[in-house]
Amino acid sequence: MSRTLWIGDDRLPHTIDQTVLPFERRELVLGSLHDCEAAIRDMRVRGAPLIGAVGAYGLALAVRADPGDAALRQAYERLLAARPTAVNLRWALDRVVRRVAPAAPEARASLAWDEAGLICDEDVACNAKIGEHGARLLHALADQRSALAGVAGADSIALNLLTHCNAGRVATIDHGTALAPVYRLHDEGVPVHVWIDETRPRNQGAALTAWELGERGIAHTVIADNAGGLLMMQGRVDAVIVGCDRVAANGDVANKIGTYLKALAARDNGIPFYVACPISSIDANAPDGAAIRIEERDAREVSHVSGRLDDGTLASVRVAAPGSACANPAFDITPARLVTVLITERGVCDASADGLRGVLQEPPR
Ligand code: MRU
């Protein structure tokens, strides 16, 4: 399966415009710092790890155009401001700066380019590991489920998961984070079914997660964002699994708006709530969730919905009453106490200061 970000014959980064998926596959060439900045800001690329990788290439392209210190600093600030919540962006930009800053200007372009490539390659390996560790947890749940189904004589032994937003292949370079264990389980022949929150206002669940799972032949059902609580109460969800944009030092998790409500419902119904969290999403400088800046996006994303009309054209239509004010906080904070475990590339850990310290010290396995 191809990567979400790749280098074309023109030696430029290429990606897919996610604002028109799943209706159109439109390739996007990222030819400059400006292209990368705009793609992140306008969410043509999105998902914390992919934002980081595109940011790294943005900086590499800026250095190619002007390797001087002032240009490097300015490019860093512009890219960092493109989206504020996912810490992977800062993490990736810092990596590139650390690599190029000590070098002579004439050596910088190739060093920055190498580092961006490395970030992409490491992301693929990291997510494969998250898939491996997460699949171990899900296997245990699947075994319990088939034992219970055997006792009850039920027809369906599929493991029922619920996910929010898109933490899949297109949110990363490959595999995804929250979806990596799902792909792995499916590849191993374990029957799995995923409830997908549509994820208003931008509907990344209905558009992207459903498309991804459909392409891989994984059973799934798109639900309205408010349906999850009832399904959990009815025993139709075995676990919730989501990605994250930033994890604070105490284990609080920032993820797509609506995640917190799913965590509350999961806790109330005794259902595990798993967060897939690459090490690059841990922000040791944020003591807790209150320190994480929540992105406030254009109110039009709430007042309108985008999609495809029956005649095939892409359109945006108003759903809110004309004249009503709309607000659009794009992420929320799930307190650490509601998170069963974090699934990292270095293994599973508690969402706590001690748990995070443990994985941060642990060498990759
Ligand atoms: O606003 P988005 O679409 O960038 O939000 C994405 C999410 O909230 C994902 O869950 C998160 O970035 C993890 S992606 C592996």
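**Close-up 1. Surroundings of Val54 in the predicted model.** Apart from its neighbours within four places in sequence, Val54 is in contact with Leu5, Leu30, Cys36, Ile40 and Val45, where contact means heavy atoms within 4.5 Å. This is a predicted model, in which local features need pLDDT of at least 70 and side-chain atom pairs count only at pLDDT 80 or more, while totals for chains, interfaces and linings use all residues. Residues are numbered from 1 along each chain as its sequence is written, and side-chain values use heavy atoms, with hydrogens and water left out.

**Close-up 2. The largest nonpolar core.** A nonpolar core is a set of buried Ala, Val, Leu, Ile, Met, Phe, Trp, Tyr and Cys residues joined through side-chain atoms within 4.5 Å, buried meaning under 20% relative accessible area with a 1.4 Å probe and protein chains only. The largest one has 39 residues, and those with the most contacts inside it are Leu5, Ile40, Val54 and Leu59. Helices α1 (33-41), α2 (48-65), α3 (69-80), α4 (88-100) and α5 (105-152) each supply at least two residues of this core, and α2 gives the most, with 12 residues; helices are DSSP runs of H or I with at least four residues, and strands are runs of E with at least two, numbered from the N terminus.

**Close-up 3. The open sheet of four strands.** The strand order is β11-β8-β9-β14, with mixed pairing, and two strands pair if DSSP finds at least two bridges between them. The edge strands, β11 (282-283) and β14 (331-334), each pair on one side only. Strand β8 (residues 246-248) pairs with β11 in the parallel sense over two bridges, and Ala248 stands opposite Asp283 in β11.

Definitions and conventions:
Buried < 20%, exposed > 50% of the residue type's maximum accessible area, 1.4 Å probe, protein only.
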